[in-house]
Amino acid sequence: MKVVLFCGGYGMRMRNGTPDDVPKPMAMVGPRPLIWHVMRYYAHFGHTEFILCLGYGAHHIKDFFLNYEETTSNDFVLRGGRTELLSTDISDWTITFAQTGVESPIGERLRRVRHHLDGDEMFLANYADVLTDAPLPEMIDRFAGRDAGASMMVVPPQSSFHCVDLGEDGLVGGITAVSELPLWENGGYFVLRQEVFDHIPENGDLVADGCAQLAKHGRLVAHQHRGFWKPTDTVKERAALDAAYARGDRPWAVWERDGAGANAGMRTT
């Protein structure tokens, strides 16, 4: 299935005080940017047709793929001044680069690339800044067997704060960690049907408009995931993932764990 990646936002919480215009999906985790890790995850499960919804700092993403250096993360032989790759990362990926506006909300970005989906009944979508080890085939299969318009992966709350139960007299009746509450957060991994477009107005949002309307009609299902899931909304969160990568603790890299094979022939459009 085709994979739509939303990678055109400002990512203001990732700013480190410098005036750069690097979009959040291009923040580095190990030797590769976030968007590469997300795409590699999908490719491992056989989904290698990507549609990038570009906006802010689009040239950084374009330049990365147009000048992609396979030797950064693959073994190779240098023979007679020529490089012979022993394996490749992205050689069989098809990547469509679509400018969807700098200020566009997520739903509008999706609307603007609808024609690139070629009328496919089902497709995947992702914010391009969250890493997980979720079982994607299971997520897809469960949704395919349901009469619904969208599936949203949900995860337990990630906050380390505590909620306080207050009585009318101001006395505290109890304290509960947010992570222990019977709540779920949007995990940012979606399986969608064309039906979702019926509920996203011009300049609308995928979740607040599309998914919310589907939920009202009983057409939204959730895939609960309690395994590894890490966002990169802040510099601290990105740094933590980078440190984990350096020490070899990268559960999101399912292609390493499952012994993914090499690919062949990247195409860009």
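Arginine 247 has a relative accessible area of 59% and is therefore exposed; the cut-offs are over 50% for exposed, under 20% for buried, and partly exposed in between, with a 1.4 Å probe and protein chains only. The model is predicted, so local features need pLDDT of at least 70 and side-chain atom pairs count only at pLDDT 80 or more, while totals for chains, interfaces and linings use all residues. Residues are numbered from 1 along each chain as its sequence is written, and side-chain values use heavy atoms, with hydrogens and water left out.

## Salt bridges

Arginine 247 forms a salt bridge with aspartate 249. The term stands for a side-chain nitrogen of Lys or Arg within 4 Å of a carboxyl oxygen of Asp or Glu. By this rule there are 13 salt bridges. The table lists some of them.

| aspartate 147 | arginine 219 | 2.8 Å |

Aspartate 147 and arginine 219 meet through their side chains. Aspartate 147 is in the loop between helix 4 and strand 10, and arginine 219 is in the loop between helix 5 (206-216) and strand 14, so the pair ties together parts that are 72 residues apart in sequence. Helices (H or I, at least four residues) and strands (E, at least two) are DSSP runs, numbered from the N terminus. Aspartate 147 counts as exposed because its relative accessibility is 63%. Arginine 219, at 18%, counts as buried.

Aspartate 242 is partly exposed, with a relative accessible area of 27%.

Most residues other than glycine have a negative phi. Aspartate 118 sits in the loop between helix 3 (106-112) and strand 8, and its relative accessible area of 57% makes it exposed.

Asparagine 203 is not a glycine either, yet its phi is positive, at about 60°. Asparagine 203 belongs to the loop between strand 13 and helix 5. With 47% relative accessibility, asparagine 203 is partly exposed.

## The nonpolar interior

A nonpolar core is a set of buried Ala, Val, Leu, Ile, Met, Phe, Trp, Tyr and Cys residues joined through side-chain atoms within 4.5 Å. Which members of the largest core touch the most other members? They are Leu5, Tyr42, Leu52 and Phe65, out of 50 residues. Helix 1 (residues 34-44) gives the most to this core, namely 8 residues. Another core lies apart from it and has 21 residues, including Ala125, Val196, Leu206 and Leu214.

Contact means heavy atoms within 4.5 Å. Neighbours within four places in sequence aside, leucine 5 is in contact with residues that include Ile35, Val38, Met39 and Tyr42, as well as Phe50, Ile51 and Leu52.

Tyrosine 189 is in strand 13 and is buried, with a relative accessible area of 2%. Among the residues that tyrosine 189 touches, not counting those up to four places away in sequence, are Tyr41, Tyr42, Ala125, Met139 and Met153.

Helix 4 (residues 136-144) has Leu136, Met139, Ile140 and Phe143 as buried residues. They are on the same side of helix 4, because they cover an arc of only 95° around the axis, taken from the directions from the helix axis to the C-beta atoms. Their cover includes helix 1, strand 8 (122-126), strand 10 (150-155), strand 13 (185-193) and strand 14 (220-224).

## A nonpolar patch on the surface

Val164, Leu166, Val172 and Ile175 form a nonpolar patch on the surface, and their accessible area together is about 390 Å². Strand 11 (162-166) and strand 12 (172-177) are the elements that give two or more residues to the patch. Patches are made of residues with over 30% relative accessible area and no salt bridge; nonpolar side chains (Val, Leu, Ile, Met, Phe, Trp, Tyr) are joined within 5 Å, and like charges within 9 Å. Accessible areas come from the Shrake-Rupley method with a 1.4 Å probe, and for residues only the protein chains shown count as cover.

Valine 172 is in strand 12 and is partly exposed, at 48% relative accessibility. The C-alpha atoms of valine 172 and tyrosine 189 are 37 Å from each other, and the two residues are 17 residues apart along the chain.
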